Amino acid sequence: MAEISEAHARELAKQAARKEDLSRSVVADLSGCQRILFEAGCGHGHWLCDFAAAHPDIHCVGIDLISWRIRKANDKKAKRDLGNLHFYKAELAEFLEVLPPAIRFERTVLLFPDPWPKAKHHRRRMVQAAFLDEVARRSDPGGEFCFRTDDRPYFDWTLEHLEAHPEWMIDEAAPWPYESETYFQSLMSSFDSVVAKRV
Ligand SMILES: C[S@@+](CC[C@H](N)C(=O)[O-])C[C@H]1O[C@@H](n2cnc3c(N)ncnc32)[C@H](O)[C@@H]1O
């Protein structure tokens, strides 16, 4: 029992140190920045590098859980000298905890997120009511939530969550914000997209 609680305490200490490091980097990089385009689960950063290059006036932030994917994304950013773009190795909930509350999202993008097909794993999907609440809190009216996947059950799950949410309205007429193939998109023969707007 003592061993379990020691291991647990070590894990909590590691988590606190990780969040402190992340918070320091985010605060230093984004000081003075009020609005961002946020991509969760950016993978190798293909889409976000292209978007940031095409929109030099927009601050762009991408996060991913996997270190080597973020290393590849940062290599691309450095090659193209994109000063308006920041990538972080971070888990979504932890990132949202440390992101200064004054930073607003003008657009939030999820591209081919892991579908977690088994029902017992659905709680691991990034799209959850609590996530849509947090993104809504950080978005002004008209702010966008853009989602694309090849997995039809995850697409339906996302439509249901958006339809049930009082602060998001699906906008079928809204254009997809920017076309550039992601790594996972290049592997898929078809996919579905939805854009919702903050009410
Ligand atoms: C299927 S890949 C898609 C990557 C990229 N968007 C693309 O289309 O090529 C999903 C990515 O989401 C990341 N991811 C999954 N859950 C995450 C979470 N809770 N926080 C941050 N990243 C997450 C994974 O590490 C993975 O790189």
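I began with helix H5 (residues 129–138) and looked up what its buried residues pack against, which turned out to be helix H4 (92–98), strand E4 (104–111), strand E5 (139–149), helix H6 (152–164), E6 and E7. The model is a predicted one, and I read every entry below with that in mind. The residues of H5 that I found listed as buried are Phe131, Leu132, Glu134, Val135, Ala136 and Arg138. I noted for myself that an α-helix has 3.6 residues a turn, so residues three or four places apart point the same way.

Next I turned to the strands. In what order do the strands of the open sheet stand? I wrote down E3-E2-E1-E4-E5-E7-E6, which makes 7 strands, and I recorded the pairing as mixed. At the edges I found strand E3 (85–89) and strand E6 (168–170), each of which pairs on one side only. On average, and with direction ignored, neighbouring strands of this sheet are turned by 20° against each other.

I then followed E6 to strand E7 (residues 192–198), and I saw that the two run antiparallel and are joined by 3 bridges. Within E7, I located lysine 197 as the residue that stands opposite methionine 169.

My next entry concerns a pair of helices, H2 (residues 46–54) and H3 (residues 67–80), which pack at an angle of about 25° with their axes 9 Å apart. Angles under 35 degrees count as roughly parallel, and H2 and H3 are therefore described as roughly parallel to each other. I also recorded that their crossing is right-handed. On the H2 side the contact is made by His46, Cys49, Asp50 and Ala53, and on the H3 side by Ala73, Lys76, Lys77 and Arg80. When I sorted the residues of this contact by kind, I had 3 nonpolar, 1 polar and 4 charged.

Last, I looked at backbone angles. Aspartate 81 has a positive phi of about 55°, although it is not a glycine, and I placed this aspartate in the loop between H3 and E3.

With a relative accessible area of 28%, tryptophan 116 went into my notes as partly exposed.

Technical notes: Residues are numbered from 1 along each chain as its sequence is written. This is a predicted model: local features need pLDDT of at least 70, side-chain atom pairs count only at pLDDT 80 or more; totals for chains, interfaces and linings use all residues. Side-chain values use heavy atoms; hydrogens and water are left out. Axes are lines fitted to C-alpha atoms, for helices over the stretch in contact, and angles run from 0 to 180 degrees between N-to-C directions. Helices (H or I, at least four residues) and strands (E, at least two) are DSSP runs, numbered from the N terminus. Angles under 35 degrees count as roughly parallel, over 145 as roughly antiparallel, 65 to 115 as roughly perpendicular and the rest as oblique. A crossing is left-handed if the near helix is turned anticlockwise from the far one by less than a right angle, and right-handed if clockwise. Contact means heavy atoms within 4.5 Å. Ala, Val, Leu, Ile, Met, Phe, Trp, Tyr, Cys and Pro count as nonpolar, Asp, Glu, Lys and Arg as charged, and the others, Gly among them, as polar. Two strands pair if DSSP finds at least two bridges between them. Buried means under 20% relative accessible area, exposed over 50%, partly exposed in between (1.4 Å probe, protein chains only).
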